[in-house]
Amino acid sequence: MPISLLVEGLSAKRGEDLIFHDISFVLTAGEALVVTGPNGSGKSTLLRVLAGLLAAQSGRVLLDGISSEIGHPREFCHYLGHRNAMKRELTVEENLSFWKSFMGDSPGGAGIGIEEAAEALGLGGISHLPFGYLSAGQQRRMAMAKLLVAYRPIWLLDEPTAALDASADRLFATLVTRHLGAGGIVVAATHQPLGVEARELRMTGFAGVAGEVGH
Amino acid sequence: MTSLFLRDLKLAMRAGGGALIGVLFFMTVVAVVPFAVGPDLNLLSRIGPAILWIGALLASLLGLDRLFQAEREDGSLDLMLMQETPLVLTVLMKCLAHWTATGLPLVIASPLLGLFMNMKELAIGATMLTLLAGTPAITLIGAAGAAVAVTLPRGGLLVSILVLPLTVPVLIFGVSAAYAAVEDPAPFLPPFLILIAITLFFAVIGPLSAALALRAASD
């Protein structure tokens, strides 16, 4: 059964101020949502609320079409934030194999091997290096390899392509397309075009009502 | 879960991990005591267990503030908070790895330092045993303190101040069990069993409160 992500009347606060309010959307399997808007309009906050890392002021996030019992939708999500969640002291291989075994796979899919994931991001053959030795762009790409080694149907991506060159941009677009083709869901906050067919949610910021622009 | 344990051990062993900083600090503290107290061998052997315990307590407080802060700084904590694995288990596993990397070396180094303090074999053995049973409690209490101070950039001293009052019972029963082994009339087993009970108690309470604090601190 294909899954879908339901968001109903979501609003969130940072301190005393409402960052956004009453955001609702439904994403079904194979759909992507690009969240755009100026700096400080609440794109990252929205993603962190979806990832269950920030409590919503009101509204809820639901998953539909999951047969097994789940505690919270976040268990079915990958979250790629501004920080890479990789240890500089460990090699790329150690980092990725830790996350692979620590995160495990969500039902309905399986992660690919570590070397395979590094190849998929165009960085095969350097996974024996400590993560700290890599350049900023390479580090970002290796952080993306996390999305592949452990299977999650929903990807929450916060500025995924910052620090990437044009070819890596295209590479990432094909990965996202492949994930969507396999029945995944992607929510990405970004300033640059993601390079895939996606709906757009434009955040206006400062508690302004966010409108969905459609295709 | 074992992968988390192995990763944390590896991180502690690599450069900058700070696994041996605690042992070095422990050795420094204990090694200067004979210089301060003077060459009174009887006095040294009498205060030996207490000095070893104070040194071990302070040394195990040293690296505690980095327990979750390092994870938070590189974003790993976000991912740990999102998993199906209960956060309590993740915290417990991190505590175990932290103790194995920083607490266990203190226990292993304690017989050597016991010789510095002119302690008898029995006293050295008893102190080592009480340290083995008691130092995990310090890490487990410290985890709660480290979780509370996780968002503070320089929370090191704060963690120690938060944690120190709670570790006093550990110190009291650890030292009294070590003394009971050498001084005849006092029984060894009751304080030692209470020490183990304290460790088991904090093995439940510590990770639970640390997990609560980490959830509340996410931003």
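# A guided tour of chains A and B

Start by selecting A:Asp22, which is partly exposed, with a relative accessible area of 48%. Keep in mind as you look around that this is a predicted model. A:Asp22 sits in strand β2 of chain A, which covers residues 17-28. Check the backbone here: A:Asp22 has a positive phi of about 55 degrees, although it is not a glycine. Most residues other than glycine have a negative phi.

Next, select A:Glu159. You will find A:Glu159 in the loop between β6 (154-158) and α5 (166-181) of chain A. Is A:Glu159 buried or exposed? A:Glu159 is buried, with a relative accessible area of 15%, and a residue counts as buried when that value is under 20%. A:Glu159 also has a positive phi, of about 45 degrees, without being a glycine.

Now highlight helix α1 of chain A, residues 43-50. Seven of its eight residues are buried, so helix α1 of chain A is largely enclosed by the rest of the structure. Which residues of α1(A) are the buried ones? They are A:Lys43, A:Thr45, A:Leu46, A:Leu47, A:Arg48, A:Val49 and A:Leu50. Step just past the end of α1(A) and you reach A:Gly52, with a positive phi of about 75 degrees.

Chain A averages a pLDDT of 86, and 93% of the residues score at least 70. Among the elements of chain A, helix α2 (residues 92-103) has the highest mean pLDDT, at 93. Strand β9 (residues 211-214) of chain A has the lowest, at 48.

Finally, switch to chain B and show it as a cartoon. How many helices and strands does chain B have? The secondary structure comes to nine helices and zero strands, so a walk along the sequence of chain B reads α-α-α-α-α-α-α-α-α.

Zoom out to take in the whole of chain B. The C-alpha atoms fill a box of roughly 55 × 35 × 30 Å along the principal axes. Among contacts in chain B between residues at least 6 apart in sequence, 79% join residues at least 24 apart.

The accessible surface comes to about 9,600 Å², and 76% of it belongs to carbon and sulfur atoms. Chain B has 10 positive and 12 negative charges, whose mean positions are 5 Å apart.

Definitions and conventions: Residues numbered from 1 in each chain as written. Chains lettered and ligands numbered in written order. Predicted model: local features only at pLDDT ≥ 70, side-chain atom pairs only at ≥ 80, totals over all residues. Heavy atoms only, no water. Helix = DSSP H or I, 4+ residues; strand = E, 2+ residues; numbered from the N terminus. Contact = heavy atoms within 4.5 Å. Areas by Shrake-Rupley, 256 points an atom, 1.4 Å probe, with all protein chains shown as cover. Lys, Arg positive; Asp, Glu negative; His and termini not counted. Charge placed at Lys NZ, Arg CZ, Asp CG, Glu CD. pLDDT = per-residue confidence, 0-100. Buried < 20%, exposed > 50% of the residue type's maximum accessible area, 1.4 Å probe, protein only.
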